[in-house]
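Welcome! Try each task before you read its solution.

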Amino acid sequence: MPKYINRLLKLPVTYLYVVMIIAYVIINVLCNLILIDVLKLASVSNEVVRGQGILKIFLYAIILGPFFETLLFQFIPIKLLSTYTFFKQRKLLMALISALIFALTHMYSLYYFILSFLMGTVFVFFFFIMEFKKRGTGL
């Protein structure tokens, strides 16, 4: 296993969350700089949330959305794919398929699709690391 993976596995769970948040911020900033500023891609509009109550937005965006997205785009696809011998040895391919499914459901704009794909990849690797820490298998 590569050194950086071993280092991540040794980190406490709290630090792993901090690493994931830092990765999110870096990817978001880079996507903004490259995709919006350089390539002039349109960002996503906030029209969907306009007129919604703050409690409703909080409930959907912070509580329910991440729970169901994790279930539908990480847990179920990875568990289904890992039943096939072909995919058991190809974690990167499983991660990319999961991230692609995640990104395809976030097709608000090309910018948001790319951002969602990159973040989906980070999330699925975080999922693999947490599975490994929990069960000793998964990477």
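**Exercise 1. A charged pair**

Is Lys 79 buried, partly exposed or exposed?

Solution. Residues are numbered from 1 along each chain as its sequence is written, and side-chain values use heavy atoms, with hydrogens and water left out.

Step 1. Lys 79 has a relative accessible area of 32%. Buried means under 20%, exposed over 50%, and partly exposed in between, with a 1.4 Å probe and protein chains only. Lys 79 is therefore partly exposed.

Step 2. The partner of Lys 79 is Glu 131, and their closest N and O atoms are 3.3 Å apart.

Step 3. Glu 131 is buried, at a relative accessible area of 12%. The structure holds 1 salt bridge.

**Exercise 2. The overall plan**

How many helices and strands are there in the protein, and how confident is the prediction?

Solution. Step 1. Count 6 helices and 0 strands, giving the pattern α-α-α-α-α-α along the sequence. Helices (H or I, at least four residues) and strands (E, at least two) are DSSP runs, numbered from the N terminus.

Step 1. Turn to pLDDT, the predictor's confidence in each residue, from 0 to 100. The protein has a mean of 82, and 89% of its residues reach 70 or more. Confidence is lowest in helix H1 (residues 3-10), at a mean of 79, and highest in helix H5 (residues 91-104), at 91. Where pLDDT is low, the predicted coordinates should not be read in detail.

Step 2. Of the 139 residues, 27% are buried.

**Exercise 3. The cores**

Which residues touch the most other members of the largest nonpolar core?

Solution. Step 1. A nonpolar core is a set of buried Ala, Val, Leu, Ile, Met, Phe, Trp, Tyr and Cys residues joined through side-chain atoms within 4.5 Å. The largest has 13 residues, and those touching the most other members are Ile 27, Cys 31, Tyr 111, Leu 115, Met 119 and Val 122.

Step 1. Helices H1, H2 and H6 each supply at least two residues of this core, and H6 gives the most, with 6 residues.

Step 2. A second, separate core of 8 residues includes Ile 78, Phe 87, Met 94 and Val 124.

**Exercise 4. Following contacts**

What does Asn 28 touch, not counting residues up to four places away in sequence?

Solution. Step 1. Contact means heavy atoms within 4.5 Å. Asn 28 lies in helix H2 and touches Tyr 111 and Leu 115, leaving out residues up to four places away in sequence. With 18% relative accessibility, Asn 28 counts as buried.

Step 1. Asn 28 and Met 119 are 91 residues apart in sequence, but 8.6 Å apart in space, C-alpha to C-alpha.

Step 2. Ser 116 is buried at 4% relative accessibility; not counting residues up to four places away in sequence, Ser 116 touches Phe 102, Ala 103 and His 106.

Step 3. Leu 81, in helix H3, is also buried, at 15%. With residues up to four places away in sequence left out, Leu 81 touches Phe 87, Met 94 and Ile 97.

**Exercise 5. The surface**

Which residues make the nonpolar surface patch of about 1,100 Å²?

Solution. Step 1. A patch is made of residues with over 30% relative accessible area and no salt bridge: like charges are joined within 9 Å, nonpolar side chains (Val, Leu, Ile, Met, Phe, Trp, Tyr) within 5 Å. Areas come from the Shrake-Rupley method with a 1.4 Å probe; for residues, only the protein chains shown count as cover.

Step 1. The members are Val 18, Ile 21, Ile 22, Tyr 24, Val 25, Ile 26, Val 29, Leu 30, Leu 33, Ile 34, Val 38 and Leu 39.

Step 2. Check one of them: Val 25 lies in helix H2 (residues 13-38) and is partly exposed, at 43% relative accessibility.

How values were computed. This is a predicted model: local features need pLDDT of at least 70, side-chain atom pairs count only at pLDDT 80 or more; totals for chains, interfaces and linings use all residues. A salt bridge is a side-chain nitrogen of Lys or Arg within 4 Å of a carboxyl oxygen of Asp or Glu.
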